[in-house]
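Trainee: Could you take me through this structure by question and answer? Please keep it brisk.

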Amino acid sequence: MILKRTFYHLVKMVVLGLPYLLSGQNEADVLRYSLQSYGGTARSYGLGGAFGSVGADFSCAGINPAGLARFRSSQFTFSTAFYNATNNSVYISNELTDKKFNFNLPNVSLLVNIAGEDFESKKPKGFVNFTLGFNMNRLNNFHSNTLFDAVNQSSSITQNWAERANATNTTPSNFSSYSLEHLAYQAWLIDKDTSSSTPRYKSAYGANPLINVRQYGNIMTKGAINDYNLSFAANYQHMVYFGLTLGAKSVRYIKTSDFIEEDKKTANVKDINYLTFNEYQRTTGTGLNAKLGINIAPNEHLRIGYAFHSPTVYNLKDTYSYSITSVFDYGAVDQFGDTRQGQKATTPQSTYYKYKISTPARNIFSISLVDKKIGFIAFDIETVNYTSGKIIPTKENAGDYSFTNENLNVRKFYNASAVNYRFGAEYVYDQYRFRCGYAKNGSPYKNNAFTYASDFKSNVYSLGFGIKTKDYSFDFAFVKTKSFSVDVPYTLESGKSAAITNNYNITNLVFSVAVPID
């Protein structure tokens with residue numbers, strides 16, 4: 001039983017959405033807003049995001065703000081991106097492919113350079129210059145589509161709803177109107193178990209049914225996390241660079257899913273014909289954090305950097321709704337002999353819940369070798385302790401639910417020492433720039449957390465090209481990302497479940513234009 005309960009909680013963590021009794025806030029939300037991809041200009045994308053020590057690019061505001069002090073003039077940069085995510089999903093050995101396209105603005109930046117007293121000196125004695133910048137970077141893109149379609153001869157989603165009802169140990173009149181057990185009972189898809197002396201429930205297929213159902217549908221997500229930064233940086237004698245960024249992050253995450261289950265048994269069995277389960281979730285909110293950075297250049301060819309990103313505390317609001325629709329075979333009756341009537345049950349309108357999420361801090365260590373006439377190579381290592389993330393009730397909801405189990409699961413299953421790598425190289429030929437990059441984000445889960453834990457990583461490959469003149473610079477990047485995720489529509493206490501595995505192949509085309517303004 002202990003193993004069964006552990007598996008049950010773990011699957012709930014993997015599912016990015018199926019709700020608890022009152023809402024959809026769980027460990028998966030902590031992870032969703034803790035994961036972070038690099039974003040910024042096309043130059044940064046082309047170099048795999050390895051800009052921790054190189055500097056003189058607007059993406060530094062979100063990586064290591066000390067690099068902004070390497071700008072010698074004021075500039076404005078504008079970027080656009082064409083994002084296309086192809087998902088090969090597998091459900092019960094059946095593979096389907098779907099795509100999602102998104103046009104977005106990954107970066108908009110303005111930087112003002114303030115010259116110091118020794119700005120023109122080749123051997124400055126003090127601060128050379130100061131920079132003040134505003135920057136917006138897109139960190140996460142949630143756009144994806146998942147299709148699934150397979151015959152399941154092992155379990156039905158109605159059995160999960162019956163187990164949810166059993167967990168309440170109460171009568172239907174006490175079910176929360178926001179819960180799936182309430183909706184399933186209203187739609188006649190779960191029944192009272194009249195053989196039990198305590199409140200017990202079973203699927204409308206029966207207590208020990210022979211299951212043969214077709215399960216199909218789609219899951220669509222969209223939205224993004226945008227990082228807005230106000231940065232200050234200083235250059236001391238071209239040897240030590242300091243930077244501070246005060247950041248505000250905005251979250252917009254929308255998920256819609258449709259799960260359809262059709263009974264494929266012979267016509268002489270009168271029970272469920274088919275059912276649909278529709279889910280809508282919209283999460284919005286903002287969070288605050290800070291970034292501190294330092295770069296050291298012991299000579300003109302070596303640059304070393306370190307940056308600390310504080311935890312981000314998000315204030316979030318979920319708006320959600322669920323509906324369950326049932327259609328029964330002609331002549332189907334319940335345990336009391338009453339004819340089953342198809343119903344549509346829906347959660348109350350304007351259902352919402354407010355809460356907070358604190359995401360982990362980040363440490364970024366960087367090194368680069370630079371020759372101004374030839375180019376450079378750069379390497380970043382980022383460490384993240386995902387077990388430090390947590391979900392926090394707001395003051396108005398503090399007495400309702402403490403999220404103790406969810407936060408314990410964060411510490412039990414997430415990785416305390418995840419490491420992300422970024423590598424980039426740029427070759428200079430006259431006014432032209434040729435770039436390549438690679439980034440690897442390690443799994444946020446412990447290796448033994450569950451079957452697919454080690455697969456939850458992403459690999460990013462990029463190529464870039466740029467033209468740099470006195471009047472403007474133009475950059476282009478081609479980025480290919482391969483990543484993995486899992487959706488589990490439901491699971492049973494017996495351990496029966498069917499996971500939808502998602503293998504994403506994402507192409508991102510990014511264009512940037514930078515113009516000096518002084």
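Mentor: Start with a cut-off: buried means under 20% relative accessible area, exposed over 50%, partly exposed in between (1.4 Å probe, protein chains only). This is a predicted model, where local features need pLDDT of at least 70, side-chain atom pairs count only at pLDDT 80 or more, and totals for chains, interfaces and linings use all residues. Residues are numbered from 1 along each chain as its sequence is written, and side-chain values use heavy atoms, with hydrogens and water left out.

Trainee: Is asparagine 169 buried or exposed?

Mentor: Asparagine 169 sits in the loop between H5 and helix H6 (180–186); helices (H or I, at least four residues) and strands (E, at least two) are DSSP runs, numbered from the N terminus. Its phi is positive, near 55°, in a residue other than glycine. Most residues other than glycine have a negative phi. At 51% relative accessibility, asparagine 169 counts as exposed.

Trainee: Which class of accessibility does histidine 238 have?

Mentor: Histidine 238 lies in the loop between strand E8 (213–236) and strand E9 (240–263). Its phi is also positive, near 60°. With a relative accessible area of 28%, histidine 238 is partly exposed.

Trainee: What is the relative accessible area of threonine 158?

Mentor: Threonine 158 belongs to helix H5 (residues 157–168). Beyond its neighbours within four places in sequence, threonine 158 is in contact (heavy atoms within 4.5 Å) with Leu189, Ile190, Ser203, Tyr205, Glu261, Ile272 and Leu275. Threonine 158 is buried, and its relative accessible area is 0%.

Trainee: Why do the buried residues of H7 line one face of the helix?

Mentor: In helix H7 (residues 404–413), the buried residues are Glu406, Asn407, Asn409, Val410 and Phe413. The arc is taken from the directions from the helix axis to the C-beta atoms. Down the axis of H7, these residues line one face because they fall within an arc of 155°.

Trainee: Which residue in the turn between E1 and E2 has a positive phi?

Mentor: Strand E1 (residues 75–91) and strand E2 (residues 94–104) run antiparallel, joined by 11 bridges; strands pair if DSSP finds at least two bridges between them. Tyrosine 91 has asparagine 94 in E2 as its bridge partner. The hairpin leaves 2 residues between the strands, and the turn residue with phi of about 50° is isoleucine 92.

Trainee: Which strand supplies the largest share of the lining of the largest pocket?

Mentor: On a 1 Å grid over the protein atoms alone, a cavity is a set of points where a 1.4 Å probe fits but cannot get out; a pocket is an open set with protein on both sides within 12 Å along at least five of seven lines; lining residues have an atom within 4 Å of a point. The largest pocket holds about 1,200 Å³, a volume being the space filled by probe spheres set on grid points joined across faces, edges and corners. Of its 45 lining residues, the closest to the centre are Arg43, Gly55, Ala56, Arg70 and Lys468. The largest share, 4 residues, comes from E22.

Trainee: Which strand gives the most to the lining of the largest cavity?

Mentor: The whole structure has 6 cavities of 30 Å³ or more, and the largest cavity contains about 1,200 Å³ of space. Its lining has 47 residues, with Leu35, Asn140, Asn141, Ser483 and Ile506 nearest the centre. With 7 residues, the strand that gives the most is E21.
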